[in-house]
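Have the viewer open as you read.

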Amino acid sequence: GDCAGRESQASAMNPTVMALRKGGIRYDSGTDLVRKTLSASASDSGLAQIVQASKEVSHSSLTKVICTVGVKSRTVPELVKLLEAGMNVARFDFSWGSMAYHSATLANLRAAMRETKMLCATMLDTRGPEIGVLLAPEDVSSFDARAPKAPIVLTQGARVTLTVDQTTPASSAFLPVNNPDLVNFVAPGDDVFVGQYLFTGSESSSVYLTVDEVDAANGYVRCTCRNDAKLKGVLLTVQVSNKGDALPTLGEYDTRVIREWAVPNEIDFISLSYCYSAEAVEECRACLAHAGGEGVGVIAKVERLGALRNIDAIVASSDGVILSRGNLGLDMPAEKVFLTQKMVLFKCNAAGKAAVVTRVVDTMTDTPRPTRAEAT
């Protein structure tokens, strides 16, 4: 009885309850009824304003757009167009180009930001243990007059030798690679990819090789071509399926770029290429801290099957994950990349970490089959 009396007394003191009773209506969960009732007893800046539908028509998207600034898009006018189109992060790919080249691009970006009064974050993509075949001098792009004009033609069944001697001219017989460790971890029977597929999505400019013999003493890896291809451009990538996990994630070149370019230029994020473990993330953070860049974010780039075995630790230690679906598609069937993508996105969302997917392109308008990224 006492409880009922106190409840009745409290109700009588509540103006909202009194308003409901005077109107002869019961409590209803409908937003409109609550809004009307509260408006009679509360100001617009109080609870009534909270339950009203928002009049704000603009909103900030949680999905951000990361653009790799290339040879044709590094001018101020083009960067202005990218900013106005919605670019949120500009990526500087140090797999190609000198620090001076990328410094000029960064200066153009900041000029475009001043012109548009739009902010844009910056991201340095490390080279990592990436193996490449350089077909032109440093900073010479495919659009440069000094770039090679004739492609390297390879035919199915032909023999080609990968050599660590970079003084050997690139030809249909020899392809010089920039990493001498290649001969130390490949073995007969391994599958090797060489080409521009990771950049262009074109199968015709890529060759798949099978390793026949490894001559470590002379620095040769002799292979057989499994398809016809025309290799062109200024840089070809080399990837051995499910091999190379023991190579260091941060090489001497990467640490120098972080120390001499990223930190002095106040870069916002490091995209850590070929990240295999949480230890690699911590190594990158230590390198940044030593250079005075403690506030720089580290985004782990998951490109190989080995990284997926440590994905929980990688997500926990990093500020986010980049899923390099094109590279992952070389270590596993393309249809399996989709399942991997769903798993990693779920883990990133659960941990509240950024998740980035790569290779949003439209090559299906020109080629008969999708890229590994498009297939997912």
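## Terms and model

A residue is called buried when its relative accessible area is under 20%, exposed when over 50%, and partly exposed in between (1.4 Å probe, protein chains only). This is a predicted model, in which local features need pLDDT of at least 70 and side-chain atom pairs count only at pLDDT 80 or more, while totals for chains, interfaces and linings use all residues. Residues are numbered from 1 along each chain as its sequence is written, and side-chain values use heavy atoms, with hydrogens and water left out.

## Aromatic pairs

The whole structure holds 5 aromatic pairs. Because its ring centres are 5.0 Å apart and its planes stand at 80 degrees, the pair of Trp 96 and Tyr 101 is edge-to-face. Rings of Phe, Tyr and Trp (its six-membered ring) pair if their centres lie within 6.5 Å; planes under 30 degrees apart are stacked, over 60 edge-to-face, and the rest tilted. Trp 96 is buried, at 18% relative accessibility, and so is Tyr 101, at 13%.

Elsewhere, Phe 92, Phe 94 and Trp 261 form a cluster linked by ring pairs.

## Charges over rings

Tyr 101 also has Arg 74 over its face, 3.9 Å from the ring centre. The charged end of Arg 127 sits over the ring of Tyr 253, at 4.0 Å from its centre. Such a charge (NZ of Lys or CZ of Arg) must be within 6 Å of the ring centre and within 35 degrees of the ring normal.
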